[in-house]
Amino acid sequence: MSRKTSDVWHHFTTVNSKTAKCNYCSVSYSFRGGSTANLSRHLKRKHIIQYEVRKKVRTEITHDLDLEDNIDEPNTISVQQNTETQNQPSTSLSLTSKTTNTPLKTSQSQTLIDSFISRPLSMNKSRKIDEQLGTMIAKEFQPFSLVENIEFRKFVKMLNPSYSISSRKTVSKSIIPQLLEKTKQKVKANLKNSEYIAFTTDGWTSLNNDSFVAITVHYIDNIECVLKTYLLGCYYYEKSHTSINLSEFMNACFNEWEISEKIKIAVSDNAANITSAINLNKNWCHIPCLAHIIN
């Protein structure tokens, strides 16, 4: 099938004239000569839900087209009945008057065949719905298994029968990582509007004995003139919490976000390791947390 007619392009994006990338797992495949066999094979093996929906939509369209000749039959019968009624002789003056004044309905409103066909969503619309699904799961702290819930799938199907809801693997391996990268680039762009940045940090150990370190930045936006705060990350930290390791970790984090030269103030508790880690950087001014001091 050609690129213009194959519905496989609802699931792939062209990279160049010979290669296309899967919208769900970002794996690239060749379609030399216009053949979409590789793309369909990948869709069937790795994204079976999307493949089955695609096949079901194609079958329904073919079935509805076969029924096209039967749509006009009710209208034909109605016209015949109205014609016979008009040709019958009148039995009274009132009946004659009624028959004369009432216009003959020679046709009834005909339902278009498009209303029987479930059109597939465009790639742009499908991506926007996928993004909103990922945003809802992330912001509302929903589990990935939500998309496997039978009643939730029925609910989505009723809202838009043409939308094929993504699998749990697609949400966790494709949609959420793409949203993370998109959000990260947006935060980087906003951080460029800052002149000086302060950060707060803290580390702790979970009940499972896993260590974490969180870093949050605060600054005044030069354009909007408002205070903005971003959590750069709550990082899983495997190394020992020594001052040198923590100092290297924080510097690596700020280098990744391209704000190393803008960091001026650091706020933390009074633990010896984090205090020493901050003091190792001569450009940072350490301010102890007031809440920790009071406690």
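Five strands make up an open sheet of mixed pairing, ordered β6-β5-β4-β7-β8. Its edge strands are β6 (227–236) and β8 (285–288), and each of them pairs on one side only. Direction ignored, neighbouring strands of this sheet are turned by 25° against each other on average. The model is predicted: local features need pLDDT of at least 70, side-chain atom pairs count only at pLDDT 80 or more, and totals for chains, interfaces and linings use all residues. Residues are numbered from 1 along each chain as its sequence is written, and side-chain values use heavy atoms, with hydrogens and water left out.

**Terms for strands and helices**

- Helices (H or I, at least four residues) and strands (E, at least two) are DSSP runs, numbered from the N terminus.
- Two strands pair if DSSP finds at least two bridges between them.
- Axes are lines fitted to C-alpha atoms, for helices over the stretch in contact; angles run from 0 to 180 degrees between N-to-C directions.

- Strand β7 (residues 263–268) runs parallel to β8, and four bridges join the two.
- Ala266 has His286 in β8 as its bridge partner.
- Helix α7 (residues 168–191) lies across β4 (197–205), β5 (211–220) and β6. The angle between α7 and β6 is about 135°.

**Three-stranded sheet**

- A three-stranded open sheet has the order β1-β2-β3 and antiparallel pairing.
- β1 (12–14) and β3 (28–30) are at its edges with a single partner strand each, so one side of each has no neighbour in the sheet.
- Neighbouring strands here are turned by 35° against each other on average, direction ignored.
- Strand β2 (residues 19–22) is joined to β3 by three bridges, and the two run antiparallel.
- Thr19 has Ser30 in β3 as its bridge partner.
- α1 lies across β1, β2 and β3, at about 140° to β3.

- An α-helix has 3.6 residues a turn, so residues three or four places apart point the same way.

**His47**

- His47 sits in the loop between α1 (37–46) and α2 (48–66).
- His47 counts as buried because its relative accessibility is 7%.
- Not counting residues up to four places away in sequence, His47 touches (heavy atoms within 4.5 Å) Cys22, Tyr24, Cys25, His42 and Thr170.

**Positive phi in loops**

- Most residues other than glycine have a negative phi.
- Phe141 has a positive phi, near 55°. Phe141 lies in the loop between α5 (123–139) and α6 (150–159), and is exposed at 77% relative accessible area.
- Glu258 also has a positive phi, near 60°. Glu258 lies in the loop between α8 and β7, and is exposed at 56% relative accessible area.

How values were computed:
Buried means under 20% relative accessible area, exposed over 50%, partly exposed in between (1.4 Å probe, protein chains only).
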